[in-house]
Amino acid sequence: MAKTDKKTSRRDFLKAAGVTGAAAGAAAVVLSGETVKAASPDTGNSAGYRETKHVKTYYELARF
Amino acid sequence: MTAVTVRDGTEQSAISGNDVSSSSTVDIPGEDVLRANLYGLLARMLTEPPGEQTHDILCGLDGEEDGTAIGTALASLGTVAARMPISAVEEEFTKLFYGFGAGGEIHPYASYYLTGFVYEKPLADLRHDLTEIGIEPTGHNNEPEDHMAFLCEVMHGLVTGTFGSGWDRAERARRQQDFFRKHMAPWADAFFADLEAADSAVLYMPLAALGRLFFAVEAEAFEMAA
């Protein structure tokens, strides 16, 4: 019962604040060309060394 | 509850090709769809200046007053957008965040606000948590992950269930709260206040107001959820 009360008041609070207003509904932009993605699964190198972008950059800059 | 399709065809390219179809539908409450919209809007606008599609959406907000502070900020965003060509917004964005040779006015990084320097411990802490959640940067730009745009996009994904699709409602709520409190709340208010007051800010002034107001609501709403 307490859970329901909390959920209701949170929803009412968001509504009163204007988060759930018509404008917020209209403000749905398309996130394309984004900066965040799901991480690719580890290729399983048990040594823990991964050739990340930063490592590659380092090698590039150090001209190994 | 509203079933939300996490992505449509246009978003296909966005969040890496994998797992798009398998986690394509997550049930989230109506109010969360709208929270996601606001995080999405902030992410979009802080990543880069609005393109035509986004600019059109902003113009649609012109006049959408509803008597709330957030509604007013969105309406102002629309009013200003309707009176600014995209080229002017692009110039504003460059002046604000990059400058013309002398550096931008605003440095939207957690590390900068919390330590005075970029690429500091706040970024390291964030990277640890991102690894734990299982997300990473796409490399779309060369900004560090503690950029406000990136963080808003993470929140968008946590709210919609794009990230952590295997979590239940309670877990998803807890993760949002933890992430927001740890990586955004400590510095967001100062950042949005700076952006709102920036000399070069025109369209980004109501956007900053929106950010400040929305985050204040989020902070309080998380208290309620707890």
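In this predicted model, helix α7 of chain B (residues 148–160) packs against helix α8 of chain B (residues 169–183), the two axes lying 9 Å apart at an angle of about 165 degrees. That angle is over 145 degrees, so α7(B) and α8(B) come out as roughly antiparallel to each other. The crossing of α7(B) past α8(B) is left-handed. On the α7(B) side, the residues that meet α8(B) are L151(B), V154(B), M155(B), L158(B) and V159(B). Facing them from α8(B) are R172(B), R175(B), Q176(B), F179(B), F180(B) and H183(B). Sorted by class, this contact of α7(B) with α8(B) holds 7 nonpolar, 2 polar and 2 charged residues.

Another helix pair, α2(B) and α3(B), sits at an angle of about 120 degrees, and here the axes are 7 Å apart.

Stepping back to the whole chain, chain B has 10 helices and 3 strands. Along the sequence these elements run β-β-α-α-α-α-α-α-β-α-α-α-α. Of the 226 residues in chain B, 42% are buried. As for how the chain folds back on itself, take the contacts in chain B between residues at least 6 apart in sequence: 57% of them join residues at least 24 apart.

Two loop positions in chain B are worth a look. P29(B) sits in the loop between β2 (25–28) and α1 of chain B. There are 17 other C-beta atoms within 10 Å of P29(B), so this proline is classed as partly exposed. P29(B) and T160(B) are 131 residues apart along the chain, yet their C-alpha atoms are separated by 9.6 Å. The other position, Y119(B), belongs to the loop between α5 (110–115) and α6 (121–133) of chain B. Y119(B) has a phi near 55 degrees, which is a positive value in a residue other than glycine. With 13 C-beta neighbours inside 10 Å, Y119(B) also counts as partly exposed, since the exposed class stops at 12 or fewer.

That leaves the contact between the chains. Chain B puts 52 residues into it and chain A puts in 30 residues. On the chain B side, the elements giving two or more residues are α1 (30–47), α2 (52–59), α3 (69–82), β3 (135–137), α7 and α10 (204–225). The largest share of that side, 10 residues, comes from α1(B). By class, the side of chain B that touches chain A comprises 23 nonpolar, 19 polar and 10 charged residues. Strand pairing also links the chains: β1 of chain A (residues 36–38) and β3(B) pair in the antiparallel sense over 3 bridges. Within this pairing, A38(A) stands opposite I135(B) in β3(B).

Terms used: Residues numbered from 1 in each chain as written. Chains lettered and ligands numbered in written order. Predicted model: local features only at pLDDT ≥ 70, side-chain atom pairs only at ≥ 80, totals over all residues. Axes fitted to C-alpha atoms, helices over the stretch in contact; angles between N-to-C directions. Helix = DSSP H or I, 4+ residues; strand = E, 2+ residues; numbered from the N terminus. Parallel < 35°, antiparallel > 145°, perpendicular 65-115°, else oblique. Left-handed = near helix turned anticlockwise from the far one by under 90°. Contact = placed C-beta atoms within 7 Å. Nonpolar A, V, L, I, M, F, W, Y, C, P; charged D, E, K, R; others polar. Pairing = 2+ DSSP bridges. Buried ≥ 20, exposed ≤ 12 C-beta atoms within 10 Å, placed from the backbone.
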